[in-house]
Amino acid sequence: MINIPSRFSSILSTLLITALILIASPIQHANAATGPLCYVRVGASGAGDSWSDAYPDLQSALADNNCTEIWVAQGTYYPDEGTGQTNDNRSSTYTLKSGVAIYGGFDGTEPLRTDRDWENNTTTLSGDIDQTAGDSGNAYHVIVGSSTDSTAILDGFTITAGNADAPVIYPADPNSSGGGIYSYNGNASLRNLIFYTNKAVQGGGGLYAGAEYGVTGYSPTLDNVIFNMNTSETFGAGIYVSFVNTPGLIKNTTFKNNTSDYEGGGMFNIASDPTLENVTFSNNTAAGGTGVSYLDHRGGAIFNDLGSKPTITNATFSGNSAASKGGAIYIPITVTNFRF
Ligand SMILES: [Ca+2]
Ligand SMILES: [Ca+2]
């Protein structure tokens, strides 16, 4: 006689074990790339192994641990699209990772990285995730670069439409700072970038670079970067640097047309000592805000607070303005070889 209960029991055990194995297995991307070089191109539908087999979005490449160098073709990419993302989630962001280099600016055919022309093949990382006019539905940060070392590389992109507009509370909500890039205890290498029309309620419409109080060794580095038309409702429309006492080098960088409602149109330093080389500050503004009694309109180009001592070499300042004090720079700093 067939022992049916026993057979069912055996089948059930097998099913249960199979289910447990499936649950215990890490989630694998269905189409993991071979790596380490992976490709991303708008309109593609592949698995990242070549320009013709590219991932269609940057998040899928970032989610693929086989991808440690990612090439991105011209076009516009949104952080709420791709592996692991929820459409129109304002917390969507591209998270930089140590050991992963992301290069934009390809036309989508190049065999070599040196073939790319990032300025002509505009590759945009956009916080306009709802893809409708107005920024109330945009991502808080287009990119987060926190807790990285210098092997986290972002190179060859336009970063736009981030809107860090969370309400001002204490302690500060990170979602009120760093519309373009938010970096806390981060050392990412940021090169060949344009920050354009990003916004923050607090520090850093374009870039927030903060470190833990009293902790040294953290600062992103910038080379060949443009901050254009970023805004802050308070401080540091271009960059807000907070408690970064390890001099992070900012070189070959232009701050233009950035506007803070109160202080530091181009840059705001608080207890920080950044090093700037070959920089231009033009037409940045600290003006416009009203009704906050303890704030003034100071430092059109740069505002320094809490003993900040930036070192600036080869700088050009033109057309910067502040409604009250320090059209160019507020508070004395070490400046050599500059033109006002
Ligand atoms: Ca969307
Ligand atoms: Ca929008």
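**Getting to know the chain**

The chain in this predicted model has two helices and 26 strands.

Colleague: Why is Phe 243 called buried?

Modeller: Phe 243 has 21 C-beta neighbours inside 10 Å, and the cut-off for buried is 20 or more, so Phe 243 counts as buried. This residue is found in the loop between β16 (239-242) and β17 (249-256). Phe 243 also has a positive phi of about 55°, although it is not a glycine.

Colleague: And why is Asn 278 called partly exposed?

Modeller: Asn 278 has 17 C-beta neighbours inside 10 Å. Buried needs 20 or more and exposed needs 12 or fewer, so Asn 278, with its 17, counts as partly exposed. You will find Asn 278 in strand β20 (residues 275-282). Its phi is positive too, about 55°, and Asn 278 is not a glycine.

Colleague: How do you know that β22 and β25 pair?

Modeller: Pairing takes at least two bridges; strand β22 (residues 302-305) and β25 have two bridges, in the parallel sense, so they count as a pair. Across from Phe 303 stands Tyr 330 in β25.

Colleague: What makes β4 and β25 edge strands?

Modeller: They belong to an open sheet of eight strands with parallel pairing, in the order β4-β7-β10-β13-β16-β19-β22-β25. Both β4 (94-95) and β25 (329-330) are edge strands, as each pairs on one side only.

Colleague: What makes the peptide bond from Gly 35 to Pro 36 cis?

Modeller: Its omega is near -5°. Pro 36 has its place in the loop between α1 (4-24) and β1 (37-40).

Note on methods. Residues are numbered from 1 along each chain as its sequence is written. Chains are lettered from A and ligands numbered from 1 in the order in which they are written. This is a predicted model: local features need pLDDT of at least 70, side-chain atom pairs count only at pLDDT 80 or more; totals for chains, interfaces and linings use all residues. Helices (H or I, at least four residues) and strands (E, at least two) are DSSP runs, numbered from the N terminus.
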